[in-house]
Amino acid sequence: TISNIFSVSGGLSTAVGYPLDTVKVRIQTENHYKGFWHCVQETYRTEKVRGFYKGVTASVLAVSVVSSVSFGTYKNSLGAICKLRHGAVDAKPSKLDVSLAGAAAGAARVVLTNPSEVAKVRMQTQKNSHSPITHQPASKPKYQGSLHCLKVIIKEEGFGGLYKGCSALLCRDCSASAIYFLSYSALCDWLTPDGRNKPGFLVVLLSGGFAGVLAWGLATPMDVIKSRMQVDESDQHKYKGLIHCVRESVRKEGPKVLFKGLGLNCIRAFPVNMVVFVAYEGVLRFTDHYINKK
């Protein structure tokens, strides 16, 4: 089915890029890493390969669901906006229409992904040093898996704990999603030769990859703030909210703190979003062909 295609492509792309995401989150939330390779070496030295995949279960399951919801929300929102503004669902959308539909898709993502994002970030930043003799964890970790992490958060912080960093995630996903769909649409239009009404495979790959890079370039400052707010456990209370987190982070580390993990976000975004948009276009063409046949 259509939702299964989005679920599989979203889940696979997340799993492939997950080690880079773990390194990015650790660089964003901790100050003792000197850079990408230092973080990779330290993570492997103390936690081996498993350290790069902490919290992967929650993330893959969430993205599998969210990918189909996000693209479905975008498509339906775009149709509704076109009907409202131009009188027909299949009217050619303007750049504003695409941006608004993209922002709506971003907002829909936040409601579904925030709990899994909190669990993912807590798992990724949880350190388990291994014994050099037995190679087993030296001490029992606080969170023993993604579901256990969610249970502990609800027990210690209430259901509100699952929506920590929600304001930063909303700012990140609404703006990034608007740019994401707008840049993809604009690049496809620009790269598709005159006379063709559908972009070719290579155009979809390039447009999807560059759209992902642009979106994550814009999203990185709020991504840093989101990660810092979500890793802030109930016994820490370092940050009182979005503005306080921005102020404290910039005061202590300078404006460059807002761009921690920018390179990693962009490197990861290109291949991941190539795959996502190829699946999206494939689904659109399949449904168009199926409807026309009927």
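Student: In which helix is the place of I267?
Tutor: I267 sits in helix α9. Helices (H or I, at least four residues) and strands (E, at least two) are DSSP runs, numbered from the N terminus. This is a predicted model, with residues numbered from 1 along each chain as its sequence is written. Local features need pLDDT of at least 70, side-chain atom pairs count only at pLDDT 80 or more, totals for chains, interfaces and linings use all residues, and side-chain values use heavy atoms, with hydrogens and water left out.

Student: Does I267 count as buried or exposed?
Tutor: Buried means under 20% relative accessible area, exposed over 50%, partly exposed in between (1.4 Å probe, protein chains only). I267 has 58% relative accessibility, so it counts as exposed.

Student: Is R268 buried or exposed?
Tutor: R268 also belongs to helix α9, residues 262–293. At 16% relative accessibility, R268 counts as buried.

Student: Which residues does R268 touch?
Tutor: Contact means heavy atoms within 4.5 Å. Leaving out residues up to four places away in sequence, R268 touches G17, L20, D21, K24 and W216.

Student: Which residues of the largest nonpolar core touch the most other members?
Tutor: A nonpolar core is a set of buried Ala, Val, Leu, Ile, Met, Phe, Trp, Tyr and Cys residues joined through side-chain atoms within 4.5 Å. Here the largest one has 25 residues, and F71, Y74, Y180, F181 and F277 touch the most other members. Helices α3 (56–86), α4 (95–125), α6 (166–191), α7 and α9 each supply at least two of its residues. Neighbours within four places aside, F277 is in contact with F71, Y180, F181, Y184, V204 and G208.

Student: At what angle do the axes of α7 and α8 cross?
Tutor: Axes are lines fitted to C-alpha atoms, for helices over the stretch in contact, and angles run from 0 to 180 degrees between N-to-C directions. The axes of α7 (residues 201–231) and α8 (residues 242–253) cross at roughly 105° and come within 10 Å. The two helices are therefore roughly perpendicular (under 35 degrees is roughly parallel, over 145 roughly antiparallel, 65 to 115 roughly perpendicular, the rest oblique). From α7 the contact uses M222, I225, R228 and M229; from α8, L242, C245, V246, S249 and E253.

Student: Where is K48, and what is its phi?
Tutor: K48 lies in the loop between α2 (36–47) and α3. K48 is not a glycine, yet has a positive phi of about 60°. At 33% relative accessibility, K48 counts as partly exposed.
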